[in-house]
Amino acid sequence: MHQDIPEIPADATPQEILQAGVAAAQGPVALACSFSVEDVVIIDMAKELSLPIGVFALDTGRLHEETYEVADAIMERYRIKIDWYYPRHEAVEKLLREKGTYSFRESLENRHECCHIRKVEPLGRALNGLGGWITGLRREQSVTRTGLAPIECDTNNGGILKLNPLLEWTEAQVWEYAKARRIPTNRLHKEGYPSIGCAPCTRPVAPGEHPRGGRWWWENPEHKECGLHRR
């Protein structure tokens, strides 16, 4: 399924990108929710626009307690259902038995293996049957995200549309919206976590440090993706 990408003006708002992408998708559209402030902002926008999008989440088995707390707060606030996807337990058991609990810190190859089992494979199942999916990616987050477009054809996932409505927003704009709308946010954001993933692979950043500095801090910046957003 390779879909036509709608033309998006350079000054399009996140809401306009969402509307255009949902309208263009040849099938259902869902948000991949990690419960970051960006993802909750998108949920709030979609509800305000009455857009028919689903919400799914990947439970890697190593999420922070605070992530589950905000997930419940989101379900209560917006009266939505979250579809949870989990890694295949056989694959997790095999990995831990053969390589131990922290093999992902031993090499980039091992880390990619762990991310593939816990995130990439479940994502494939979550995207099955969709015409498009939505992310909270922003261009300023990482050197690996500078080449993104607001709406793309995701060739790695069957040619469905990939919507990045907050692509051009800054962190300040995201938080301005979140505070104005008083949306539920992960408590870890206030504790110095601008980017939140699995607990063993995420830590707070120091003032002035790059927002992605707390993710896989033992790796070079150009490697700091888990495989969900391959290009």
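Two strands pair if DSSP finds at least two bridges between them. Strands (E, at least two residues) and helices (H or I, at least four) are DSSP runs, numbered from the N terminus. This is a predicted model, where local features need pLDDT of at least 70, side-chain atom pairs count only at pLDDT 80 or more, and totals for chains, interfaces and linings use all residues. Residues are numbered from 1 along each chain as its sequence is written, and side-chain values use heavy atoms, with hydrogens and water left out.

β5 and β6 run antiparallel, joined by 4 bridges. Glu 152 has Lys 162 in β6 as its bridge partner. The hairpin of these strands has 5 residues between them, and Gly 158 there takes a positive phi near 80°.

The whole sheet is open, with 6 strands in the order β3-β2-β1-β4-β6-β5 and mixed pairing. β3 (83-85) and β5 (151-154) each have a single partner strand, so one side of each lacks a neighbour in the sheet. From one strand to the next, the twist averages 30°.

β2 (residues 53-58) pairs with β3 in the parallel sense over 3 bridges. Ala 57 stands opposite Trp 84 in β3.

Contact means heavy atoms within 4.5 Å. Axes are lines fitted to C-alpha atoms, for helices over the stretch in contact, and angles run from 0 to 180 degrees between N-to-C directions.

| Helix | Strands touched | Angle between directions |
|---|---|---|
| α1 (residues 14-24) | β1 (29-32), β2, β4 (132-134), β5 and β6 (160-163) | about 170° with β6 |
| α5 (residues 108-127) | β2, β3, β4 and β6 | about 160° with β2 |
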